[in-house]
Amino acid sequence: MYSGKEFFNDQRWKEARRFFEDASVLRPDLPEPALFLARIKLAQNELKTSLIHLSNLQTRFPKNSEVILYLGYAHEKLNYNHNAEKFYRRVLHLKHENQKALLRLGAVLIKLDKHVEAKSFLESLTRKYPLYSVAWWNLGIVYLSFGEMELAESAWQECLRLEPENSQVRIRLEQL
């Protein structure tokens, strides 16, 4: 597993796949090797295949929050945002502080035009986790949708403070 994770982190998909396939044969009782195989499919934009693998994995491990998280992510990438929202909320029901689910849920709420809920959620999230630059970015988007330019600018300034090299934030601030 360790070598597979190293190859995965280096985006060496073929080598990583080989290690995770071996690990899934040796330890079919663990979700992690199969989850990494599905994540490789996600990374390679084989979204439908990944979704099938993740759905099968969820059947075997129905309360595994990581499986549910990536199932939500696969739905989000396929623009099935209502489904993605449900999966992210399930993850948070299982693990209230799952950082990835918190961040993804904020983004999905924006995509679903649930701006009032997104605003409340993201304001709470940035108070609780002030170092989440993506949360500040998304909060700026929500503020902009309400025409609250000063608040959008303030949120994006905070995002830029956390990620000074983020050119996307600089462009948005200049446009503002």
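Contact is taken here as heavy atoms within 4.5 Å. The structure is a predicted model, in which local features need pLDDT of at least 70 and side-chain atom pairs count only at pLDDT 80 or more, while totals for chains, interfaces and linings use all residues. Residues are numbered from 1 along each chain as its sequence is written, and side-chain values use heavy atoms, with hydrogens and water left out.

The chain contains eleven helices and zero strands; helices (H or I, at least four residues) and strands (E, at least two) are DSSP runs, numbered from the N terminus. The C-alpha trace spans about 55 × 30 × 25 Å along its principal axes. Of the 176 residues, 45% count as buried, where buried means under 20% relative accessible area, exposed over 50%, and partly exposed in between (1.4 Å probe, protein chains only). Among the contacts with a separation of 6 or more, 43% come from residues 24 or more positions apart.

Two packed helices are described by the angle between their axes and the distance between the axes. Axes are lines fitted to C-alpha atoms, for helices over the stretch in contact, and angles run from 0 to 180 degrees between N-to-C directions. The axes of helix H5 (residues 65–77) and helix H6 (residues 81–94) come within 7 Å and cross at roughly 160°. H5 is therefore roughly antiparallel to H6; angles under 35 degrees count as roughly parallel, over 145 as roughly antiparallel, 65 to 115 as roughly perpendicular and the rest as oblique. The crossing of H5 with H6 is left-handed, a term used if the near helix is turned anticlockwise from the far one by less than a right angle, with right-handed used if clockwise. On the H5 side, Ser65, Ile68, Leu69, Leu71, Gly72, Tyr73, His75 and Glu76 meet Asn81, Asn83, Ala84, Phe87, Tyr88, Arg90, Val91 and Leu94 in H6. The residues of this contact comprise nine nonpolar, five polar and two charged; Ala, Val, Leu, Ile, Met, Phe, Trp, Tyr, Cys and Pro count as nonpolar, Asp, Glu, Lys and Arg as charged, and the others, Gly among them, as polar.

For H7 and H9, the axes come within 10 Å and cross at roughly 15°, so H7 and H9 are roughly parallel to each other. H7 also passes H9 in a left-handed crossing. Leu103, Gly106, Ala107 and Ile110 in H7 meet Val134, Ala135, Asn138, Ile141 and Val142 in H9.

A nonpolar core is a set of buried Ala, Val, Leu, Ile, Met, Phe, Trp, Tyr and Cys residues joined through side-chain atoms within 4.5 Å. The largest such core has 48 residues, of which Leu54, Phe121, Leu122, Leu125 and Val169 touch the most other members. Helix H7 (residues 99–111) gives the most to this core, with seven residues. Leaving aside neighbours within four places in sequence, Leu54 is in contact with Leu35, Ala38, Leu42, Val67, Tyr70, Leu71 and Ala74. Another core, of eight residues, lies apart from it and includes Trp13, Ala16, Phe20 and Ile40.

Ser133 belongs to helix H9 (residues 133–145) and is buried, with a relative accessible area of 11%. Not counting residues up to four places away in sequence, Ser133 touches Cys159, Leu162 and Glu163. Pro164 is found in the loop between helix H10 (149–162) and helix H11 (167–175). Pro164 is partly exposed, with a relative accessible area of 45%.
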